[in-house]
Amino acid sequence: MRLVFAGTPGFAVPCLRAAAEKGEVVAVYTQPDRPAGRGRQLAPSPVKVEALARGLPVMQPENFRAADARAALRALQPDLLIVVAYGLILPQSVLDIPTYGCWNVHASLLPRWRGAAPIQRAIEAGDEETGVCLMQMEKGLDTGPVLLSLRTPIGADDTGGSLHDRLSALGAEVLADGLKLLRAGIRPVPQPQPAEGVTYAHKLEKGEARLDWNRPAQVLARRVRAFTPWPVAEAELAGERVRIHAAAPLAREHGAAPGTILAAGRDGIDVACHEGALRLLVLQRDGGRPLPARDYLNARPALARP
């Protein structure tokens, strides 16, 4: 099979490897190099790095609005276009080019969490389960029929980072399963998504990272986990802005105002919430590095209390 792969972040790299093992990847599409790091130098995407390491041709159009961009894809004569976190909406004129259309690996159990940030939104919402879907693409946003899927539980300690890595590996697995069937002459049967249960995983915004102590502790703890490693939750703690890398909810009765420090010691810093308390476990001061609560308190001993 002549495969064209389109993806950009690290999440897509295992899928590129799976595609290269199951077919002939004739080209890899990825986003143009973007400024990154302190020096804001142009940096290639993780998918580009992987493609170049494999000696695969790399294409980086800004979009497919231009006729020559579509013509270049058509000239590759692809049997299938595989899209994994590419970062561009593909028009119907592109979806129609490959013989078998376009497949997308999406990090949720559709129709739940269509959109840009399904991994983090599943944790934030308190979902007990998520997974990956291999979807036949159509013009709508993640609306196409599902070909195959794999499920995984969301653990109480899962973060956006840990779940990202697990779903990335599952995405490669479900893609490999689909390509194996197609190579054997078996086209996976498309299952239309149900109309019920549709939710949208809106893109993460930096401003969402600010914790509001007037919310329940359970809600805040899920947000801390979902926003690790980015954008990282932050809050006001006794007059100082801190970033919170790990926290745990406590079912603690108190009559204190939200934001009050109830206890602070080696086990963590307990902050009153609208319901319960949030125990801060790993904190980061401006310009500093993440520290366990006990080390943070060494720098702010006035906060320590039984």
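Accessible areas in this talk come from the Shrake-Rupley method with a 1.4 Å probe, and for residues only the protein chains shown count as cover. The structure before you is a predicted model, in which local features need pLDDT of at least 70 and side-chain atom pairs count only at pLDDT 80 or more, while totals for chains, interfaces and linings use all residues. Residues are numbered from 1 along each chain as its sequence is written, and side-chain values use heavy atoms, with hydrogens and water left out.

I begin with the surface. A patch is made of residues with over 30% relative accessible area and no salt bridge, where like charges are joined within 9 Å and nonpolar side chains (Val, Leu, Ile, Met, Phe, Trp, Tyr) within 5 Å. A salt bridge, in turn, is a side-chain nitrogen of Lys or Arg within 4 Å of a carboxyl oxygen of Asp or Glu. On these terms, Ile89, Leu141 and Tyr200 form a nonpolar surface patch, and together they have about 330 Å² of accessible area. Tyr200 belongs to strand E11, residues 200-201; helices (H or I, at least four residues) and strands (E, at least two) are DSSP runs, numbered from the N terminus. Tyr200 counts as partly exposed because its relative accessibility is 41%. The classes are buried, under 20% relative accessible area; exposed, over 50%; and partly exposed, in between, with a 1.4 Å probe and protein chains only.

Next, the chain as a whole. The protein chain has 8 helices and 17 strands, and its C-alpha atoms fill a box of roughly 70 × 45 × 30 Å along the principal axes. Of its 306 residues, 48% count as buried. The accessible surface of the chain comes to about 14600 Å², and 52% of that belongs to carbon and sulfur atoms. A contact means heavy atoms within 4.5 Å. Among contacts between residues at least 6 apart in sequence, 61% join residues at least 24 apart.

I turn to the sheet. In what order do the strands of the open sheet of 7 stand? The order is E5-E2-E1-E6-E7-E9-E10, with mixed pairing, and two strands pair if DSSP finds at least two bridges between them. Strand E5 (58-59) and strand E10 (146-153) stand at the edges with a single partner strand each, so one side of each has no neighbour in the sheet. Strand E1 (residues 2-7) and strand E2 (residues 24-29) run parallel and are joined by 5 bridges; Val4 stands opposite Ala27 in E2. Helix H1 (residues 13-22) lies across E1, E2, strand E6 (80-84) and strand E7 (102-106), running at about 175 degrees to E1. For that angle, axes are lines fitted to C-alpha atoms, for helices over the stretch in contact, and angles run from 0 to 180 degrees between N-to-C directions.

The loop between E7 and strand E8 (114-115) holds Ser108. Is Ser108 buried or exposed? Ser108 counts as buried because its relative accessibility is 0%. Leaving out residues up to four places away in sequence, Ser108 touches Trp113, Pro118, Thr130, Gly131, Val132 and Cys133. Pro111 is placed in the loop between E7 and E8, and a cis peptide bond, with omega about 15 degrees, joins Leu110 to Pro111.

A cis peptide bond also joins Trp230 and Pro231, with omega about 5 degrees. Pro231 is in the loop between helix H7 (217-226) and strand E12 (233-237), and Val232 lies in the loop between H7 and E12. Val232 has a positive phi, near 75 degrees, in a residue other than glycine, and at 4% relative accessibility Val232 counts as buried. Gln77 is not a glycine either, and its phi is positive at about 50 degrees. Gln77 lies in the loop between helix H3 (67-75) and E6, and is exposed, with a relative accessible area of 58%.

Why is H7 described as largely enclosed by the rest of the structure? The reason is that 7 of its 10 residues are buried. They are Ala217, Leu220, Ala221, Arg223, Val224, Arg225 and Ala226. The buried residues of H7 pack against helix H5 (118-124), helix H6 (160-183), E12, strand E13 (240-250) and strand E16 (277-285).
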